[in-house]
Structure formats: C-alpha cells, structure tokens
Number of protein chains: 2
Amino acid sequence: MADTRQWRLASRPTGTPTAENFDLVTVERPEPGPGEVLVRTLYQSVDPYMRGRMRDAESYAEPWDVGEPMQAGVVGEVLESEADSLEAGDVVTGNLLWAEHAVADADELRRVNPDLGPVSSALGVLGMPGITAYFGMLDVAEPTPGDTVVVSGAAGAVGSVAGQLARLSGARVVGTAGSDEKTDWLTDELGFDAAINYTETDDLAGAMAEACPDGVDAYFDNVGGPITDAVWPLLNVRARVAVCGQISQYNATEQPTGPRKLGKLVESRARVEGFLVGDYQGRWGEALERLSGFIHEDELQYREHVVDGFENAPDAFLGLFEGENIGKQLVKVAERDV
Amino acid sequence: MADTRQWRLASRPTGTPTAENFDLVTVERPEPGPGEVLVRTLYQSVDPYMRGRMRDAESYAEPWDVGEPMQAGVVGEVLESEADSLEAGDVVTGNLLWAEHAVADADELRRVNPDLGPVSSALGVLGMPGITAYFGMLDVAEPTPGDTVVVSGAAGAVGSVAGQLARLSGARVVGTAGSDEKTDWLTDELGFDAAINYTETDDLAGAMAEACPDGVDAYFDNVGGPITDAVWPLLNVRARVAVCGQISQYNATEQPTGPRKLGKLVESRARVEGFLVGDYQGRWGEALERLSGFIHEDELQYREHVVDGFENAPDAFLGLFEGENIGKQLVKVAERDV
C-alpha cells in the first residue's frame, strides 16, 4: 500500500501558535468506499479562521481534536473514483484535510474547471475567501456610489476582493495593510483611493480621518482592535459595519479590551453585523458567476502567495499572523498530472 | 407684563452634572406672533439624552448654549393663540423650553386629547419614550415568540415599555434595574419573566446566564457598560441588539473601555444597531395608536415619577443618573385650569 502524509494537531496553542503545535505523520493512504473518491492534494488553503479551530471552545467551526488530522480547503485531483459523478483526473475542491491524499464523499466536492483559470483560485478569489468578500461587502456593508468604504486587512485574500467590490459599486475605498508593498498594491493595482500602512503611523486615528474626509459609510473589518478604534469616530449616519474577522485578537490570551463602542452607534444610527460565508451556501453560484465575470472583464485583480511543499503548511499558516502574505495564502502540495 | 421663569444652562458639567450647572431666571413672559401660541407648561420632561446636549460636542441633538434656556418636551395648555389651528385651553405637547411659559409655532405642537388619559402620558408612554420603545423593540430588536429578550434600564420610561412590548410579542423577557422595588415592579406587575437588580450581585455575568438559560436572542440596551458585558457572551445566532442609550457612560470624563465585542458578532452573526426615535417621525401615529390600544386593553402598564414644582426640574434631571425614577420622570409645573 502507498503512504501519504498528514499534519495533525499536536497540542493546543496558548497565544500565538508555533510549529510545536503541529505534527507531521506518515499514514497508509486511505481507499475510497462506495460514493467516495481518493483525492491527491494540489493546493491546500490556510486561513485565519483556523486559529479558532485550534482552541477547545465552541465557536462557529468545530474545534479540532488533539492528535487528529486537521481540515482544510483543498484543490486536488481525483486519483481513484468509486462515485459515478467523478472520474480519475477530475480537478475538485472541497473541505478535506491537511494531507497529501484524502478520501471524500463525491457529493461534498465541487468540480473545478481548469480552463477557466488557475485551479488554485478555487481556494481564493473563486472560493471561500472571494465569496466571503462578495456577501460581506454587497449584502452586509452595502456600498453605494459616493460612499466612503474602509477595508481592514485589505491586502489579504478577503479584503483585497472586498475593497475592489466596493470600488465596483462606485464607492471611494480606503484600505489598511501592514507594509508599503501591500499598500502600493492596493492603490497602484487594485484601484483603492487610499491605503494606510498601519505599521508606519503612530497616529492611526489621524491617518484614518485624513484618508476619510467625508467620514465612513461602510467598514469591512477583518482585523479589529486599534484599526477599528480609528474608524469608529468617523462612522456616518446609517453607516454599516460588516464584521468578517478579528485577526488582531485571535492569539490573545486574555480578553482584549478597548474603547466602548456602542454609544457611537446611537449617535450615528449605525449597524454592525457579523456574518459567516457558510450562511450563504445556497447563493455561492451567484457569487462565483459574478466574481468570474469581473475577473474576465479585468475588473477584479487577485494575487496568490504560494508556499511550496506540504511540509511547509504550518509555516504558511503561522505567517498569516505575521502578515507575510499578499493576497491568498496557499500551500502547493503537488503538480497536476497532465 | 407678566413674568415667567426659565432654567438656563449656567455652565457645562465635567462628569456628573450638579445643581451649579443650572440657573433659574425670571424673564418677561413672551408674546405669540402670527401663527404662534403661548403655552403654559403643565408637565416638563427630563430625559437622559439631555446630558449630551449639555456637552459642547456635535451629536444627534444640538448642544445647548451656555447662558441660554434649555429645551424640553412639555405638555402644556394654550393661554393665547395667534394661530387658527389652536385655541386657548387646548392641551398640546411639543419641544418647548425648561420654562413655565413659552411661545411656539402652532405647527410644531401636537394636540393632546385629555379624555384619553392623563395628559402627562404624552411625555411618557404615549410620547417620545413610549415611541422610542416601540420602534426600537419592534423594528430593531424584532422579538419573535419563544425568543429570550433582555432589556437594560427596564424600569425606566423606555425600558418598561420595551420589555412589555417584547412580552406581547411572545418573548421571554428579562430586565435589569437598580433596586428591588424596581425589579419587583417588573416581575410582579409588568409581566417580566425575570429581573436582575444589578446593584445586588457581584457576578452579573452569572446572574445573566442564569436568567437566560437559552441565551439571548434580542437585547434592548439603555445602559451599556457592565450590563452589556454580561449579556454579550450569551448572544445567540442571529441575535439583534438595539442600542437605545448608554446612560452608564454619559457622565464619563474619559473614554470608557471594556471588553472588545466585535469578535462575538462573527461567531453569532449578530446585528447591533443604534437608532433614534426621530428617524421614525413619519410613523409616530402608528406607534401611538398601538400603544394606546395596549393600554386600553390593560396589556401595557406604565408609571410616572412626578416631582412637584418647576424649581425642582434640575433635581429631577440629576436623579435620572441616580436611578431615582421608576417609569417616566416628570416635573409637574402647574395645574390645568379647568
């Protein structure tokens, strides 16, 4: 029997995760049962929300078990099929494992058309992150022409798409990111109207106010913490805040504190709403169609930050919290057999 | 010429306002011009939101000017009319002054029908506070049968109505208030399912969790601060938070801080929305009709906390921040001439 490798959760992190929390094991390659397929991973996704699954606490995603393989979004190639709907050579995407090979129910996989673009984009702009940006921006933040929209974590997989969707809605878009390389990408290539490198200012509130002279009508928040504090006083009447993530808080070991925010909501009659892409499952098709259309018309740019080699998956994940990625962080696990 | 008395803003408070911030002056009684009426104040309202108007800062209500008379909701009697639509003896309500007499444009007054109930209720359950509760609960918090709804400041003018409206929507209602007399009123007379005297517990989070074993589906917040902190971890999926006021913060001299709250919104996909009754101006008639209907059917109880004498208006206002009132705080200024 052939072998395969998996990353397992070795231990739960306290604070910022480290390499010690992950364990690389070699196991027997699983065989597909009836209705299942064996998938060889081509690309594996690492995402900030996975930090929550390392914790032993109820949240919107199940905690991972210590000693067990971890789940991840994967784009892979079908090696063996015991299902009528898929055959060997098909490229598919779905929630599989941090693994070089995994079996999955064919019904839980989505076929990826390799002619439409790089298959890896099914984990980024044409996958969960892009769809998250789509519904969070268009359904929750609801930009209208002339609005000022702020996106935090704007150079990430979700933020970069969210900001461009706001621009396509006719809004003025301001992004925050953690390096000049990122802010340059936002303004020079993605069409953001302004971008703030939050690591280079000691007056974030002032920089935000300067970037948003007409206040803030919508805020798409991936980061939280001091960036949100800088946006808050600028919220206009009937502003919308779409809370997608709070990566600045994920590694906190104590309950983070900050300025109390609810009073401002009365003054501005603003709405703050958390959302999860999973709640829009029935409308993913709509999102994918529109996102592909924008890419095809050259209206939507994206970037992928690919780390090569399955053995580097934990490093790629840890890098998310260091802001190492521009665009979607991926791990390239294997070449496609063509 | 006859005289009248007015309360003017003597100085802006730092922190909790005191009697020194108010100045009682005697002035010549004003005369109505064309289209105007002279109103003799019967009842004057004092409301927590007035604290914001004492501040020299832009907010949803204009700051009062130092040395000038302050505005207030008033129920009064028309003494002289230069308008076709009103005549002497009519009872009216509107935004007038902290004054025994004031002139007003007849178009900016609403006639009060004294046969429908005590005219003072036009400043409470059938006025701004009741209408605030109506829209905040039914349009923003949106209780449905079986929901658990928490109301902070539940024994106040707004909270007591808000909680009963939630009960009438079929929800389980939990209130917080600052004395046993208040919590008894909530559970024994208003039909709240549970009430927490927050001054009598050193484990507010525990008390809240115990009172809400199925979590919190909607939260109508008048108070903010530690009470909100106790509700937050209990927010259920798709919970709604209607932010009406934050009285615990109004006298703060430094930016209040507390636990960061936005992460929980992602997990629970909850919505937090600030609102102002003024935004519903076009629908006040609907609210008044339904509120009167509930009172008529004995489904809605209310209480007024009346301080006698115009000279006591500042004390009545200051008492709001000490939690002295049960139900609507009013100042009785004069008897109606019948």
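The C-alpha centres of domain 1 and domain 2 of chain A lie 28 Å apart. Domain 1 of chain A covers 3-124 + 303-332 and domain 2 covers 128-278, with bounds that come from an automatic or database domain assignment. This is a predicted model, in which local features need pLDDT of at least 70 and side-chain atom pairs count only at pLDDT 80 or more, while totals for chains, interfaces and linings use all residues. Residues are numbered from 1 along each chain as its sequence is written, chains are lettered from A and ligands numbered from 1 in the order in which they are written, and side-chain values use heavy atoms, with hydrogens and water left out.

We start with the two domains of chain A. In domain 1 of chain A, 22 residues are in contact with 16 residues of domain 2 of chain A; contact means heavy atoms within 4.5 Å. The size of an interface is often given as the accessible area lost when the parts come together. Between domain 1 and domain 2 of chain A the buried area is about 1500 Å², and carbon and sulfur atoms give 60% of it. Buried area here is the accessible area (1.4 Å probe) that two parts lose on being put together, summed over both. On the side of domain 1 of chain A, Tyr60(A), Arg303(A) and Ile326(A) supply 31% of the area buried against domain 2 of chain A, more than any other three residues.

Arg303(A) also forms a salt bridge with Glu189(A), the closest N and O atoms being 3.8 Å apart. A salt bridge is a side-chain nitrogen of Lys or Arg within 4 Å of a carboxyl oxygen of Asp or Glu. Across the interface of the two domains of chain A there is one salt bridge. The side of domain 1 of chain A that touches domain 2 of chain A has nine nonpolar, seven polar and six charged residues. In this grouping, Ala, Val, Leu, Ile, Met, Phe, Trp, Tyr, Cys and Pro count as nonpolar, Asp, Glu, Lys and Arg as charged, and the others, Gly among them, as polar.

Next comes the interface between the chains. Here 36 residues of chain B are in contact with 36 residues of chain A. The area buried between chain B and chain A is about 2800 Å², with 57% given by carbon and sulfur atoms. In chain B, the residues that lose the most area to chain A are Arg260(B), Leu262(B) and Val266(B), together 27% of what that side buries.

Between chain B and chain A the count is six salt bridges. Arg260(B) meets Asp229(A) in a salt bridge, at 2.7 Å from N to O. Several elements of chain B each supply at least two residues of the side that touches chain A: helix 6 (226-231), strand 12 (235-243), strand 13 (257-259), helix 7 (262-268) and strand 14 (271-274). Helices (H or I, at least four residues) and strands (E, at least two) are DSSP runs, numbered from the N terminus. Helix 7 of chain B gives the largest share of this side, five residues.

Strand 14 (residues 271-274) of chain A is joined by three bridges to strand 14 of chain B, and the two run antiparallel. Two strands pair if DSSP finds at least two bridges between them. Within strand 14 of chain B, Arg271(B) is the bridge partner of Glu273(A).

Finally, we look inside a helix of chain A. Glu267(A) and Lys264(A) both lie in helix 7 (residues 262-268) of chain A, three residues apart, about one turn of the helix. Their side chains meet in a salt bridge, 3.4 Å from N to O. Over all chains, the count comes to 36 salt bridges.
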